Amino acid sequence: MATDQKSKTVLTLVGVVLFMGAMAWASVPFYNWFCRVTGFAGTTGVAAGPSSDILERTIKIRFDGSKARGFPWEFKPMQTEMTLRIGEEGLAFYEAYNPTDHPVAGQASYNVYPYDAGGYFNKIECFCFTEQVLQPGERVVMPVSFFVDPEIVEDEDAKHASHITLSYTFYEIDLPEESQAALDPTTTDLNSVN
């Protein structure tokens, strides 16, 4: 009888550990999906094109750029702010530079402040949608096109926003396979033989 109780306890504990591991694994994609859908925590929307409705009311957009600790690139916005009419398409640029002697891959995470405005800030095109690889000494200018959805003026929490800050943080990721293959001397030697 004691062994049955011990087996039941062990199975219950293993089940709890497996359940907790599954929830931890699923929490990041679920949280990302939730933020994209609701604009929670300043997550922006993505739009196929600009708004067809442009209001007379203006809003100031501020730009911020930072990088994760230890990330070797230089990264900054090329403008600190701009004023647009709500619904009007804006185009901003960020500059990145790789001062190292080797290729470095990076990915930008982003958010919008105030958080209530996140669901109304829509990006049409953005360097943050894809990973970026900079070669040694390479400097690039990366665009982001966006607009603020006119529906912001109907939202009780967001309609009083007079400015929105778009903030990016770059962090290092593994080099894509094709970039790694280009660095591998055996791959280069094989390609030169063919």
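The protein exposes about 11900 Å² of surface, and carbon and sulfur atoms supply 57% of that area. The model discussed here is a predicted one. Of its 194 residues, 35% count as buried.

## Overall organisation

The secondary structure comprises three helices and 10 strands. Read from the N terminus, the elements follow the order α-β-β-β-β-β-β-β-β-β-β-α-α. Contacts between residues at least 6 apart in sequence also have a clear pattern: 76% of them join residues at least 24 apart.

## A nonpolar patch at the surface

Val 16, Phe 19, Met 20 and Met 23 together form a nonpolar patch on the surface, with about 410 Å² of accessible area between them. One of these residues, Met 20, belongs to helix H1, which covers residues 2–38. Is Met 20 buried or exposed? With a relative accessible area of 54%, Met 20 is exposed, because a value over 50% counts as exposed.

Strands of a sheet pair through backbone hydrogen bonds, in either the parallel or the antiparallel sense. In this model, five strands form an open sheet in the order S4-S2-S10-S6-S8, and the pairing is mixed. Strand S4 (81–85) and strand S8 (132–134) stand at the edges; each has a single partner strand, so one side of each is left without a neighbour in the sheet. From one strand to the next, the twist averages 30°.

At 0% relative accessibility, Gly 106 counts as buried. Which residues surround Gly 106, leaving aside its neighbours within four places in sequence? Gly 106 is in contact with Phe 71, Trp 73, Glu 131, Gln 132, Phe 170, Tyr 171, Glu 172 and Ile 173. Of these contacts, the one with Glu 172 can be described in more detail: Gly 106 and Glu 172 are 66 residues apart in sequence, and their C-alpha atoms are 4.4 Å apart in space.

## Strand S9 and its partners

Strand S9 (residues 139–148) has seven of its 10 residues buried, so it is largely enclosed by the rest of the structure. Strand S5 (residues 90–97) pairs with S9 in the antiparallel sense over eight bridges. In this pairing, Leu 91 has Ser 145 of S9 as its bridge partner. Strand S7 (residues 121–126) also pairs with S9 in the antiparallel sense, over five bridges. Here the bridge partner of Lys 123 in S9 is Phe 146.

## Salt bridges

Side chains of opposite charge can pair when their charged atoms come close. How many salt bridges does the structure hold? The structure holds six salt bridges, among them the pairs listed below.

| Pair | Closest N and O atoms |
|---|---|
| Arg 85 and Glu 56 | 3.3 Å |
| Glu 81 and Lys 60 | 3.5 Å |

Arg 85 forms a salt bridge with Glu 56. This pair links distant parts of the chain, since Arg 85 lies in strand S4 while Glu 56 lies in the loop between strand S1 (45–46) and strand S2 (58–67), 29 residues apart. Arg 85 counts as partly exposed at 31% relative accessibility, whereas Glu 56 is exposed, with a relative accessible area of 66%.

Glu 81 forms a salt bridge with Lys 60. Glu 81 lies in strand S4 and Lys 60 in strand S2, so the pair ties together parts that are 21 residues apart in sequence. Glu 81 is partly exposed, with a relative accessible area of 39%, and Lys 60 is partly exposed as well, with a value of 29%. Glu 81 and Lys 60 also belong, together with Arg 62, to a network of salt bridges.

Glu 156 counts as exposed at 58% relative accessibility, while Lys 159 counts as partly exposed at 24%.

Notes:
Residues numbered from 1 in each chain as written. Predicted model: local features only at pLDDT ≥ 70, side-chain atom pairs only at ≥ 80, totals over all residues. Heavy atoms only, no water. Pairing = 2+ DSSP bridges. Helix = DSSP H or I, 4+ residues; strand = E, 2+ residues; numbered from the N terminus. Axes fitted to C-alpha atoms, helices over the stretch in contact; angles between N-to-C directions. Patch = residues over 30% accessible without salt bridge, like charges linked within 9 Å, V, L, I, M, F, W, Y side chains within 5 Å. Areas by Shrake-Rupley, 256 points an atom, 1.4 Å probe, with all protein chains shown as cover. Salt bridge = Lys/Arg side-chain N within 4 Å of Asp/Glu carboxyl O. Buried < 20%, exposed > 50% of the residue type's maximum accessible area, 1.4 Å probe, protein only. Contact = heavy atoms within 4.5 Å.
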